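Open your viewer, keep the selection tool at hand, and follow along from stop to stop. A few words of orientation come with the first stop.

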Amino acid sequence: MRLNWSKASPQAYKSMLGLEAVLEQSGLELPLLEMVRLRASQLNGCAYCVQMHANDARRGGASEARLQTVCVWRESAHFSARERAALAWTESLTRLSSQHPSDAEYAELGEHFDDAEIANLTLAVATINAWNRFGVGFALKAE
């Protein structure tokens, strides 16, 4: 590890935990949040976060089939329409440098989530992307 950032800036770490507390109270189902966290972490190449969120999802009851196919969710029958909309949103927001969410993706999101859920889902994507940047930037290793 390059830097123990949580000790170097405890206020930053506390702020990140505050975002997680908001997500816990957001009403979004935990299995959905874990799939979003896992998919963004895969895209960002954060091995530490991929391992952590796969394990968290498994402890939360996610099947091995879901965990094994989240990286190819478009070709998998293991995800609901709601989850597919969330995963598409996750990918678009995580890949902002190369693509922006389309109007069609946003419309699909609106078919499965209300306005508050869309805002909270976006917070979840933003938060895991921030965690990934700490993990990758400071070379956190999966155990």
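**First stop: the start of the chain**

Select Ser 6, which is found in helix α1. Helices here are DSSP runs of H or I with at least four residues, strands are E runs of at least two, and both are numbered from the N terminus. Before going further, note that this is a predicted model, in which local features need pLDDT of at least 70 and side-chain atom pairs count only at pLDDT 80 or more, while totals for chains, interfaces and linings use all residues. Residues are numbered from 1 along each chain as its sequence is written, and side-chain values use heavy atoms, with hydrogens and water left out.

Is Ser 6 buried or exposed, or something in between? Ser 6 is partly exposed, at a relative accessible area of 24%. The scale calls a residue buried under 20% relative accessible area, exposed over 50% and partly exposed in between, using a 1.4 Å probe and protein chains only.

Step back to Asn 4, in the segment before α1. Asn 4 is partly exposed too, with a relative accessible area of 30%.

**Second stop: the aromatic cluster**

Next, select Trp 5, Tyr 13, Trp 131, Phe 134 and Phe 138 together; they form one aromatic cluster. Rings of Phe, Tyr and Trp (its six-membered ring) pair if their centres lie within 6.5 Å; planes under 30 degrees apart count as stacked, over 60 as edge-to-face and the rest as tilted. How many aromatic pairs does this rule give? The count is six.

Zoom in on Trp 5 and Trp 131, an edge-to-face pair with 5.8 Å between centres and 65 degrees between planes. Trp 5 sits in helix α1 (residues 5–8) and Trp 131 in helix α8 (residues 115–137), so this pair links distant parts of the chain, 126 residues apart. Both tryptophans are buried.

Keep Trp 131 and bring in Tyr 13: their ring centres are 6.0 Å apart and the planes stand at 75 degrees, so this pair is edge-to-face as well. Tyr 13 belongs to helix α2 (residues 10–24), and the pair with Trp 131 in α8 ties together parts 118 residues apart in sequence. Colouring by accessibility shows Tyr 13 partly exposed at 32%, whereas Trp 131 is buried at 16%.

What does Thr 127 touch, leaving aside neighbours within four places in sequence? The answer is Met 16, Leu 19, Glu 20 and Leu 23, with contact meaning heavy atoms within 4.5 Å.

Move on to Ala 139, in the segment after α8. Check its backbone: phi is positive, about 55 degrees, although Ala 139 is not a glycine. Ala 139 is buried, with a relative accessible area of 18%.

Show helix α3 (residues 30–44) and helix α6 (residues 81–94), which pack at an angle of about 35 degrees with axes 10 Å apart. Axes are lines fitted to C-alpha atoms, for helices over the stretch in contact, and angles run from 0 to 180 degrees between N-to-C directions.

To see the contact, select Leu 32, Met 35, Val 36, Arg 39, Ala 40, Leu 43 and Asn 44 of α3, then Glu 83, Ala 86, Leu 87, Thr 90, Glu 91 and Thr 94 of α6. By class, this contact has seven nonpolar, three polar and three charged residues. Nonpolar covers Ala, Val, Leu, Ile, Met, Phe, Trp, Tyr, Cys and Pro, charged covers Asp, Glu, Lys and Arg, and the others, Gly among them, are polar.

**Last stop: the cysteines**

Finally, how many disulfides does the structure hold? There are zero, a disulfide being a pair of cysteine sulfur atoms within 2.5 Å. Select Cys 49: its closest cysteine sulfur, in Cys 46, is 3.3 Å away, too far for a bond. Cys 49 is buried, at 3% relative accessibility. For Cys 71, the closest cysteine sulfur is also in Cys 46, at 16 Å, too far for a bond. Cys 71 is partly exposed, with a relative accessible area of 40%.
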